Amino acid sequence: MAPLRFSANLSWLFPELPDLTARLRAAGSSGFEAAEVAWPYAERPEALARVAREAGLRLVLINTPPGDREKGEMGLAAVPGRQAAFREGLEQAVRYAKALGCPRIHLMAGRVPQGADRAAVRGEMETVFLENLRHAAGVLAQENLVGLLEPINTRVTDPQYFLDTPQQAAAILQKVGRPNLQLQMDIFHWQIMDGNLTGNIRKFLPIVGHVQVAQVPGRGEPSSPGELNFPYLFQLLEDDGYKGFVGCEYQPQGDTVEGLSWLRSYWDRQGHPKAGQ
């Protein structure tokens, strides 16, 4: 059983630092060998790639652009009428992924339009989603990239998000049927929506391409107070042979570096060379 590999989610960690380049350097100094970021598009990709190399990091995940956030958009892949904008954003994400050497792109589904009834628009949104995913799979395959679908909980985080359970995401992936599209498992969202983490992890892990973690309900460090037993969950992922990255997508409850004591303890148990950092 190989030890898990962790990546620093720089959209969440090191919030005290002013920009992405500073957060990349901090992640490298903290012992991480990998990082992920939701939207790197405010920075030039070549500059980010240089800083990441200097910090000893590889980028393992970015998201497609969210769309017009001032209008409440949070992804476009399933949003009717926004197909052209999704495909334009996909091209931008691919350019960044290539420049950054990043192998995975989260294809953000987006929200149910304001004022619309979820049940009434579900069929239309799924049709749009499937069309866009088939297109994305072809584009990504040309560059040897993987697209990811992430369910986001609609009970707490984003009540309007279209894709909200692992079951829904897995069914859509099966309909698309492309091997370079996989499931992104955010344990925080899965616990809130469905629980049954042991069963769901074992059921869906064969199609999971990336994992993210945060404690529930506060979305803090895995070691912060909450309802999830992360030593058990990490062992489950190890025992079931998970080989991808585990993204640290949580809100630090204090100083980011001090809050990484849980990770240093994990590294220490594994005899990781970064354990003492």
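Helices, as the term is used here, are DSSP runs of H or I with at least four residues, and strands are runs of E with at least two, both numbered from the N terminus. In this predicted model, Asn 144 accordingly falls in the loop between helix 4 (118-142) and strand 5 (146-149).

**Aromatic pairs**

- Phe 6 and Phe 234 form an edge-to-face pair, because their ring centres are 5.4 Å apart and their planes stand at 80°.
- This pair links distant parts of the chain: Phe 6 belongs to strand 1 (residues 5-9) and Phe 234 to helix 8 (residues 230-239), 228 residues apart.
- Phe 6 and Phe 234 are both buried.
- Tyr 41 and Tyr 96 also make an edge-to-face pair, since the ring centres are 4.9 Å apart and the planes lie at 80°.
- Tyr 41 is in the loop between strand 2 (34-36) and helix 2 (45-54), while Tyr 96 is in helix 3 (residues 83-100), so the pair ties together parts that are 55 residues apart in sequence.
- Both Tyr 41 and Tyr 96 are buried.

**Ring cluster and charge over a ring**

- A cluster linked by ring pairs comprises Phe 6, Phe 230, Phe 234, Tyr 250, Trp 262 and Tyr 266.
- Arg 5 has its charged end over the ring of Phe 245, at 4.0 Å from the ring centre.

**Annotated domain**

- An unreviewed UniProt entry lists residues 25-265 under "domain: Xylose isomerase-like TIM barrel".

**Backbone features**

- Val 216 and Pro 217 are joined by a cis peptide bond, with omega about 10°.
- Pro 217 is located in the loop between strand 7 (208-213) and helix 8.
- Arg 219 likewise lies in the loop between strand 7 and helix 8, and its phi is near 60°, a positive value in a residue other than glycine.
- Arg 219 counts as buried because its relative accessibility is 11%, and buried means under 20%.
- Asn 144 has a positive phi, near 60°, and is a residue other than glycine.
- Asn 144 counts as exposed because its relative accessibility is 70%, the cut-off for exposed being over 50%.

Key
Residues are numbered from 1 along each chain as its sequence is written. This is a predicted model: local features need pLDDT of at least 70, side-chain atom pairs count only at pLDDT 80 or more; totals for chains, interfaces and linings use all residues. Side-chain values use heavy atoms; hydrogens and water are left out. Rings of Phe, Tyr and Trp (its six-membered ring) pair if their centres lie within 6.5 Å; planes under 30 degrees apart count as stacked, over 60 as edge-to-face and the rest as tilted. Buried means under 20% relative accessible area, exposed over 50%, partly exposed in between (1.4 Å probe, protein chains only). A charge sits over a ring if NZ of Lys or CZ of Arg is within 6 Å of the ring centre and within 35 degrees of the ring normal. UniProt positions are given in the numbering used here, feature names are shortened, and annotations may be inferred rather than shown by experiment.
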